[in-house]
Each structure stands twice: as structure tokens, then as C-alpha cells.
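Subject: Structure for your study

Dear colleague,

Please find the structure below, together with its sequence. I would ask you to keep it open while you read the notes that follow.

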Amino acid sequence: MELDPLILSRIQFAFVVSFHAIFPVFTIGLASYIAVLEGLAFKTENPVWVKLSAFWTKVFAVVFGMGVVSGIVMSFQFGTNWSNFAQASANFLGPILSYEVVTAFFLEAAFLGVLLFGRDKVPAGVHLFAAIMVATGTFISSFWILSANSWMQTPAGTELRDGVFYVTSWSEAIFNPSFPYRFAHMALASFLTGGFVVAGVSAWYLLRGREVEANKKALSMCLWLLLFIAPAQAVLGDFHGLNTLEHQPTKVAAMEGNWETSRNVPLLLFAIPDQENQRNLHEIGIPSLASFILTHEWDGEVPGVSAVPVEEQPPVAIVFWSFRIMVGIGLLMIAFAVTGLVLRAGGRYWRTNWFLQGMRFMSIAPFFAVLTGWFVTEVGRAPWLVYGQMTQAEALTPSLTGGMALFTLIGYIVVYALVFSAGVYYLMRVLYVGLEDRDEDEREADRPKRPFSAAHVPFEIDHNSDDTVGTAKPVNQGGH
Amino acid sequence: MELFDLPLIWAFIIGFGIIMYVLMDGFDLGVGILFPFAPNEEARDTMMNSVAPVWDGNETWLVLGGAGLLAAFPMVYSIFLPALYIGVFLLLAGLIFRGVAFEFRFKARTSRYLWNWAFAGGSTVASFAQGAVVGAYIQGFETANGVYVGGALDWLTPFTVLTGLGMLAGYALLGSTWLIMKTEGNLQQWAYKITLPLLLAVLVVFGIIGVWTPFVDEMVRERWFSNLSIIWVLPVLTLLCAIQIYRSVRDRKDGMPFVATMGLFITTYLGLVVSRWPYVVPPEYTLWEAASAYESQLFLLLGLLFVIPIVLVYTAWTYWVFRGKVRAGEGYH
């Protein structure tokens, strides 16, 4: 069997970028949460805020560390597997990605150390300022990355001469048509991720009766945030979809599973797209609703996948189902946020077991929503890498063989499996140890510059220590 | 119309970034290479502590170098990375393993030996891969129309294996002289003891590379032997540095062995640069041919002129904060 370097490179890129994406999407949201906690601590001097901030800063340190490690690989992928793309787009993407590195550099250099290690060493105001700057820095970083990605979706401000893109307008290229929508959509996704993780972990602690006062506050804050952000994301997602309809109609057609351009298109709840015959099997849908959502008219025209030749179509099934999973999780998020509001009556939100159990499981939901969302936008762009201008096949490294691509694909999977299972395992340890005060010997000898050293948690479970503090006296009959 | 020779400015910036990276990540990779040979576990704690506060700052130069190369010399980026495909993977995998080993070794108790191996193995693989990259650069690349057309393992030749070993020996020397400067007692004595054999190894391997290089390529031969040029100053300086390392180790000096080793690296690096100047993708393309568009180089330069001084000041400050000897039992547990 001939190994296809194109499909292997696509799988490799999807793998490393998916793995990478889950870390920053969490740290961006979490950084803002920590900044808010620091602000509250600064203003009210209530020790609960300090306690929460100190704990979530530990988590931030570990996740940030994993994001940096997986990010290093990303900056070399363009050259190793997509060198024609790198060469062609360097005039725009080179400076943009460099600015992202520079931002991260600056952030790391100046403020992260102060946030992680400076609580007792710098004035409270300076520490708060560092927290705000770290949060701002994560947004600036994502600004550049999403600008680069959006330009690949809706290229503007550049012209293609002899196979190379030249920038004609930096502002048009950076603020290309899909960028504002994608940036806003991702920003809210980060808040949702941060919110649901903090809420879920707090719910878990509440189930076990640990640090009830602090975790109650954390859960309450998150539920308020989610109550506004989760519905807002749905509205924003709709705007993003309309923008996509304008610039990438085929992607929208794939999302809707609509093959022929037509009116009164139903919103499909279920279907098995059959790309070979350009049709769906086992369709279940709500009549005319897709037309209404996309055009705001019941008989509006919705583009079809078949409008473009088969070789210019994305794999419809992946886009179609990823979109449904993302939207489904989004609706679930809204449901939980509203349930939280209802349960506030009588202060039941932090004592209702089934709700806390549900929130606990919802803590991983945003990651699936984010990944499937990216599958929609990235797979939906296929076969284009730079939409309408450069295909994935043209972008591939010419000297790359299937064997080489397979070697590194397996290699990255093995490396990531080892490294990130250690990382996630350690993160679980940090969560398990929790907010409670630790022995002094755990926190001696801090030195800045190494994110994990902010975490003060031993790698192995030590049965002689007091790791299990609080677990002996659960208030609720909670899960483990 | 173009006010400055931006490609030349960028060549200096990236050249500066490379030597900064080699010197700074070099010693902490070197400490990793020496790790399995350390006298005992306590010595390993101290060794790791001596580089722990600075290593990831050192490595960010590599990331900036990668991104800067894409922005300023996309042709270099899009030829080197495909040509060195397998080597780049080994380099990244090595750096990832040693990076997480830093984080987890201090947290680990029973699994500590695993992280020792991850640290040592990762450092060794990454160092060898970097040396092989240098060798591959001297060898040159098979290209057509600005695109790499060679095979997956063209970079792996006896010559690049030798440069890989040279880099291992060189980084180990940087590591041992760093330990002389930063530690005391038994560990420092051990570092003194291994420095001279390492120096000998470096001189032998660098010597073979030096004699071999002119035969790898016509142009390099011409540059060094066509007429007796000023560039012969560089190998002479390299030798002087080597002598200085020898004497300062013999006299049990603290800081001089490390400084002289940095001198040895800088002069060797400059010797390498003049051998190929101004070709950045030998044997075909000069730095002007490999450059990106003028406005792209300018757009990024404006930002970097602002950021690089800040990074340098911050780097200097970090080293200042952590100056002096690292004592056993100090630092992490």
C-alpha cells in the first residue's frame, strides 16, 4: 500500500494542533478568572479570594507549561510538512507568527514570574497588575494566531505573484473579513472553558465537602458568568456562521448537510452524508429552519455542496457531525447555566447533588466543543489551505514521503502520550490536593522561571501525607 | 527605494540569535549530557538546580529563531526543515523530554530515575541533532527552484555524524566549565577532572572537522586556501581559547574556564560563518535571494527593535539574580 504523505501530514497537523489547542483555550479563560480573583482580593482583602487565586494559579502554571511545550512543535510544523505553504505565505505569516512569539516572550519575561512567584515578594498592587498583564498577554497572543488562521480562511490584503503572497495592506490582511468573528467566538469559548472547568472542579470539591466557603463562591461566580456567556456564544456563533456563508458558502453547505443549492432547506437533526452519491441517508430534519437561521427568511436560498466540483468539496460527514456535536454541547451549556439560576432560589445550587455531579462532568465538555468547532472550520476549508488560492496538496512539502510522515506521526503520538499523560496525571494530583493549606516544606525555595515549580505538589501519591485532607468527612454522598 | 539593506540586518539579528542560543542552551544541554556520569544523586540535584532558573529562557531563543527565520528568510526555513525532517523531529522530541524532566524531577520521588533518564537522553539527542544540523549546513542542500529535492536521510552522513559528536563534546565542555563556575566541593572537583579530557575530545573532533570541511565543498576550500586571508585569525583565536581553558583549569580558576569555552565556541562559529558567507542555503542561495519581501522584514523589525533589548535586559537580570555558587541542598527538593 502506498502511503500518502498528504493525508498523513493532515492527520499529523490535526493531532498536534488539537493537542495544543486544548491548553491555551483553557489558560486564556483561566488567566482572566485569576485576574478577577486578584482584583477582588485586592479590593476586599477577603482571604477567600487569595486562597482561590493561589490555587487556580497553580493549575494555570501546569497547563501553561504544557501549552508551551506543545506549542514549540507547532512553530516547526509549517516548515517540515508544509514547506511550500511556508515559502508562499511567509511574507504575511512570518511576521504575524513572530509577533505572537514576541508577545509570549515579553509576557513570560516580565509578568508570569511575578504572578507565579511574587505574591509575598512584591506589593499587592504590582501582583494584581501582573495578573492583568498575563491575562491581557494571552489575548494578544491569540489575537495574532487567530489573525493568521482567519487570513487562511478569508485571505485579504495580499496578492499572489509567482506563487508567493505579498502584503498590500497590513491592516486589511490582519483584520481580514472572518477575523473579528473568529476572535470573538474564541474569546467566549475560552471564557466558557475556564468557567466550566472552575465550576466543575468547585462542584467536585463541594460534593466532597472540601473548603465549602471558597468553592461555593467560585461556583457562584462561574454560574453568573456562564449564564451570560453561554447564550451570548450562541448568538455570536450565528453571526460567525453568516460571515462564513458570505465568504465560504461550501463550508456552510457542509455544516448543514445540504447538497443542492435550494430554498426552504430543513435543519437536519440527523443524517448520514453520502459523499459518493452527493446525498444524505436517513435524514431527520425540521422543515425550512436552516433557511431561516442562515437567511432569516423561511424560503431563503442555502448553498449546496454540489455547487462545486467533487474535488473541491470538503469531507461533508466530518464537518456535518462536528458541527452538531459543537452545537449540542453549546445547548447543554446553556441548559446548565439556566439550571444554575433556577437552583439559586433557596441557595440550592451548591447543595444539589445531581446538579453538582452534572457540573462535574460538564468541566470536560468545553474542550470537545472547542475541538469540534475547529474541526468544522478547518476541515470545512478543505481542500483549500488558503481559501480559494492554495490547496493543501500544493502546500505540502515536495520532498516529503509517506514513510517520513508516518514516522513522525507515530513519533509525535508516542511523545505526546508519554509527556501529556504525565502532565495530566500531575494536574489531577494538583486538583486532588486542592485548596487546603499545605505544610511549609512544600513551599520552600521557590525560584522563578519554571512554571510547574509554582505548583508545590509531589508527583506521586504519598499515602503518609495529608493529601486526603477533607475526604474523610464528606457532607454529601458525592462521587469519586 | 529601499533605504536599508534589511536582509543584511536580519542576517546579523538571526546570527546573533543563533550564537546566543548555542552559548546559553549549550551549557544547560551540556549539564544534561554529563548527568548520567555525575558522582551521585546529590550532585545531580545541584547540577539541575544550577541551570533550572535559566534554561527555559535560554530555549525561547530557539523558538524566536524559528519564527524569525520564517519571517525574514523563508527560503531557509522551507528548505532546512524538510531537508532535516527526521533530525528536526529528534531535536524537538529531545527538547520536550528534557523540558518536562526539569518540571517533574523535582516533584518526583520514586519515579525520579525515569526523569533522570529523560533529562539526560533528551539533552543528548537534542545536542547531537543540533550538531548534525550544522554539519548539514556545511554540506549544502540539493535544491531546485528554491525547493528541497533531496531524500529524507541525505543529512545523515559520516561528516554530519562527526559534527553531531563534536556538538556533544562541545556542549559537554560548556556544561562542565559551567559547573566549575557554579558549584563547589566534590562536584566542582569532579567537573575539573572531566574538563581536560572533554577539551581534548573537543579539540580532536573540531580538528578533524576543520581539516575535513574544506574537502566537503570547493567554495569553502577556496575561501580558506586561495590566499592567506585574515580569516586565519579565527582558528588561531580558537586555539588560544583552548590553551586558556587548559591553563585556567590547571590553576583551578572558577570563572575563566567557562568564559574561555564561550570564546572557543564564538570563534569556531565565526569561522563557520565566514566559510559560507553570504550563502545561507549552500551551495545555491545567498541571504539576499533567501530573504522575504522588504516590507515584511521591515514590519517585524520595528517590533523586534523594541523587544530584543527588553529580553536582553531581563535575561541579564535573571542571571544576576541567580549569580554565585549553587550549594547542595539549596533550591528545589
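Two residues are said to be in contact if their C-beta atoms, placed from the backbone, lie within 7 Å. In chain B, of the contacts between residues at least 6 apart in sequence, 77% join residues at least 24 apart.

This is a predicted model, in which local features need pLDDT of at least 70, side-chain atom pairs count only at pLDDT 80 or more, and totals for chains, interfaces and linings use all residues. Residues are numbered from 1 along each chain as its sequence is written, while chains are lettered from A and ligands numbered from 1 in the order in which they are written.

**Chain B as a whole**

Chain B contains 12 helices and 4 strands; helices (H or I, at least four residues) and strands (E, at least two) are DSSP runs, numbered from the N terminus. The C-alpha trace of chain B spans about 60 × 40 × 40 Å along its principal axes. Its radius of gyration is 20 Å, which agrees with the value near 20 Å for a compact globule of 333 residues. The radius is taken over C-alpha atoms, and the globule rule is 2.2 Å times the number of residues to the power 0.38.

Of the 333 residues in chain B, 52% are buried. A residue is buried if 20 or more other C-beta atoms lie within 10 Å of its own, exposed if 12 or fewer, and partly exposed in between.

**Helices H2 and H7 of chain B**

Helix H2 (residues 41–51) of chain B is largely enclosed by the rest of the structure, because 9 of its 11 residues are buried. Among them are B:Arg44, B:Asp45 and B:Asn49. The cover over the buried residues of H2(B) includes helices H1 (6–34), H6 (112–139) and H7 of chain B.

Helix H7 covers residues 158–182 of chain B and holds B:Leu168. B:Leu168 counts as buried because it has 24 C-beta neighbours inside 10 Å. Beyond its neighbours within four places in sequence, B:Leu168 is in contact with residues including B:Ile33, B:Phe128 and B:Gly131. From B:Leu168 to B:Gly131 the C-alpha distance is 7.4 Å, although they are 37 residues apart in sequence.

An unreviewed UniProt entry lists "transmembrane region" for several spans of chain B, including residues 6–39 and 158–180; such annotations may be inferred rather than shown by experiment. In the model, residues 158–180 of chain B are 100% helix, with end C-alpha atoms 33 Å apart. Residues 6–39 of chain B are 85% helix, and their end C-alpha atoms lie 50 Å apart.

**Chain A and its side of the contact**

Chain A has a mean pLDDT of 88, with 91% of its residues at 70 or more; pLDDT is the predictor's confidence in each residue, from 0 to 100. Residues 439–449 of chain A have pLDDT below 50, and over residues 465–480 of chain A the pLDDT stays under 50.

The contact takes 53 residues from chain A and 59 residues from chain B. On the side of chain A that touches chain B, H3(A) gives the largest share, 17 residues.

Helix H3 of chain A includes A:Val114. A:Val114 counts as partly exposed because it has 19 C-beta neighbours inside 10 Å. A:Val114 and A:Ile96 are 18 residues apart in sequence and 27 Å apart in space, C-alpha to C-alpha.

With kind regards
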